Amino acid sequence: MKIAVVDDEPLLVKGTRFNLQNEGYEVVTGANGLEAVELARDPEVNLMVLDVMMPEMDGLTACAKIREFSQVPIIMLTAKVEDMDKLMGFENGADDYLTKPFNILELKARIRALLRRTAPKEREEPQTSQLKVGTIALDLASRNAYRNGVAVELTAKEFDVIEFLMRNPNRVYSREALLDTIWAYEYRSDIRTLDVHIRRLREKLEENPAQPKHIMTKWGVGYYFKG
């Protein structure tokens, strides 16, 4: 597995590279957003750890540019603690975030969890390899999504959310339950994180995001997929 670590703090990069290499990962590094975009073009990069505040090009801009051509999983690093900074990361296509200073054990755990979620599914049973309702279809083996037969680019977490909802149609889940299920870490993420992902899924998969037919809201309760 190859991981790209991009941060303008040399000591942080050195320490993170050392720890990840000890876990058996191949690690490539960069120091700014421009280098992050170039590293993301390497098809062998399986995951990227990307700082927000960097010279040349900030991490949020780099993340958005990467999402124009790649769905490589991205964990954002931020020295800020404001919820809006975290939400901006998700808006630009990030899959997860960590606030500096972070525990290297937590970073390793999140990397493992995200790689598990994005790894190709093996020995998928033919009858369950696809989910299709109306104009929305998921190929579970390749983790590709389609609307009206046209491929739609989803981030790893966006795919996780829509797959879970489609596997459990017409069942309403609270925001807290979805966060605990999809963001399977030992922490409770901000509820608005889920709202951002639901909005992005509607924009990508619904014919009319303002009047969705499948990705529904149960006001005061949560979300569900209408089958």
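Between which two strands does the loop that holds Arg143 lie? Good morning. Before I answer, a word on the model.

The structure is a predicted model, in which local features need pLDDT of at least 70 and side-chain atom pairs count only at pLDDT 80 or more, while totals for chains, interfaces and linings use all residues. Residues are numbered from 1 along each chain as its sequence is written, and side-chain values use heavy atoms, with hydrogens and water left out.

Now to the answer. Arg143 lies in the loop between β7 (136–139) and β8 (144–147). Helices (H or I, at least four residues) and strands (E, at least two) are DSSP runs, numbered from the N terminus. The phi angle of Arg143 is near 60°, a positive value in a residue other than glycine. Arg143 counts as buried, at 14% relative accessibility. Here, buried means under 20% relative accessible area, exposed means over 50%, and partly exposed is in between, with a 1.4 Å probe and protein chains only.

Let us turn to Asn148, in the loop between β8 and β9 (150–152). Asn148 is not a glycine, yet its phi is positive, at about 55°. With 47% relative accessibility, Asn148 counts as partly exposed.

Lys100 and Pro101 are joined by a cis peptide bond, with omega about -10°. Pro101 lies in the loop between β5 (96–99) and α5.

Next, helix α7, residues 175–182. Which of its residues are buried? They are Leu178, Leu179 and Ile182. Seen down the axis of α7, these buried residues fall within an arc of 100°, so they line one face of the helix; the arc is that of the directions from the helix axis to the C-beta atoms. The buried residues of α7 pack against α5 (104–118), α6 (156–167), β10 (173–174), α8 (191–205) and β12 (222–225), where contact means heavy atoms within 4.5 Å.

Finally, the aromatic rings. The structure holds 2 aromatic pairs. One of them is formed by Phe90 and Tyr97, and is edge-to-face, at 5.6 Å centre to centre with 75° between the planes. Rings of Phe, Tyr and Trp (its six-membered ring) pair if their centres lie within 6.5 Å; planes under 30 degrees apart count as stacked, over 60 as edge-to-face and the rest as tilted. Phe90 is buried, with a relative accessible area of 2%, and Tyr97 is buried as well, with 10%.

Another ring has a charge over it: the charged end of Arg41 sits over the ring of Phe69, 4.2 Å from its centre. This term requires NZ of Lys or CZ of Arg within 6 Å of the ring centre and within 35 degrees of the ring normal. Thank you.
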